[in-house]
Amino acid sequence: MNEQTAWKIGDLANKVGLSVRTLRYYDELGLLKPSKRTDVGHRLYLEADVIRLQQIVSLRQLGFSLEEIKACLEKPDFSPVATIQTHLAKLCEQIKLQQQLVRLLEKISATLQTSESVSIGDFIHVIEVTTMVEELFNQYYTPDQLESLDRRKEMVGDRATAQVQQEWQDLYAKVREAMNDGIDPTDKRVLALAKRSNELLEQFTGGDEGILQSLNAMANAEFSTLQEQFGFPEPELFEYLGQAQAALKKS
């Protein structure tokens with residue numbers, strides 16, 4: 001038997017953007033049991049386990065419950081290829097929805113700029129497509145991550161959440177001002193802003209590295225949409241802030 005790469009539970013969780021708690025829960029359910037364990041009982045996941053995990057994630061994003069997923073995977077005629085093809089078809093459909101929303105918003109923006117009235121039907125259509133796009137964003141977070149984020153939001157409350165959102169905008173404005181003034185990103189003033197951005201991220205993720213990775217994945221893949229819909233800053237600002245955060249780690 002050829003030697004295979006084996007991942008400890010923490011290593012696998014970091015690589016795939018899931019929490020260690022989620023992988024342990026999958027093990028308890030018998031949904032994803034590691035192929036090996038160390039002499040002291042630590043879980044070791046092999047390539048076959050990673051393939052099974054991909055199937056679980058795909059089926060989860062297609063709306064299956066964990067019980068339904070377990071039943072599917074235990075069927076002798078279960079087809080991994082069919083699962084991937086179904087997932088691919090869903091993603092293609094979601095991309096089309098994004099493109100549709102962009103066209104709708106461009107139309108409304110152009111109409112408003114000419115001072116012409118926009119029909120209520122156009123606004124209703126935007127609401128419908130926006131709702132579908134929000135569902136698209138859910139693909140970047142696992143159900144467990146979304147549940148964790150919902151719990152944190154409930155604990156913090158709507159008012160505090162709004163305050164944090166405003167603080168992000170204020171922080172971006174200060175970073176933009178420093179960048180435009182030509183201040184070096186290693187300057188202590190910029191480092192203080194980088195430190196605060198890390199603290200805000202910590203508040204959002206609760207220190208969950210998997211949630212942070214999912215956030216980064218969504219930001220990278222959907223940047224233009226996030227910028228248009230939610231006022232994300234320009235890429236240059238993120239690059240400048242990233243330089244400050246890198247310097248902060250070294251300090």
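**View 1. E199 and R196 sit three residues apart in helix 9 (residues 188–205), so about one helical turn separates them.** In this predicted model, the two form a salt bridge whose closest N and O atoms are 2.9 Å apart. Both ends get some solvent: E199 is partly exposed at 32% relative accessibility, and R196 is partly exposed too, at 24%. As for why the spacing works, an α-helix has 3.6 residues a turn, so residues three or four places apart point the same way.

**View 2. R43 pairs with D27 in a salt bridge, with 2.8 Å between the closest N and O atoms.** R43 belongs to strand 3 (residues 43–45) and D27 to helix 2 (residues 20–29), so the pair ties together parts 16 residues apart in sequence. Shared partners link D27, K33, R37 and R43 into one salt-bridge network. Searching the whole structure turns up six salt bridges.

**View 3. D187 makes a salt bridge with R189, the closest N and O atoms lying 2.9 Å apart.** D187 is partly exposed, with a relative accessible area of 22%, while R189 counts as exposed at 52%.

**View 4. Helix 1 (residues 9–16) has I9, L12 and A13 buried.** These residues span an arc of only 100° around the axis, which means they share the same side of helix 1. Just past the helix, G17 adopts a positive phi of about 80°.

**View 5. N216, in helix 10 (residues 209–221), and Y140 are 9.2 Å apart in space, C-alpha to C-alpha.** In sequence, 76 residues separate N216 and Y140. N216 is partly exposed, with a relative accessible area of 39%.

How values were computed
Residues are numbered from 1 along each chain as its sequence is written. This is a predicted model: local features need pLDDT of at least 70, side-chain atom pairs count only at pLDDT 80 or more; totals for chains, interfaces and linings use all residues. Side-chain values use heavy atoms; hydrogens and water are left out. Buried means under 20% relative accessible area, exposed over 50%, partly exposed in between (1.4 Å probe, protein chains only). Helices (H or I, at least four residues) and strands (E, at least two) are DSSP runs, numbered from the N terminus. The arc is that of the directions from the helix axis to the C-beta atoms. A salt bridge is a side-chain nitrogen of Lys or Arg within 4 Å of a carboxyl oxygen of Asp or Glu.
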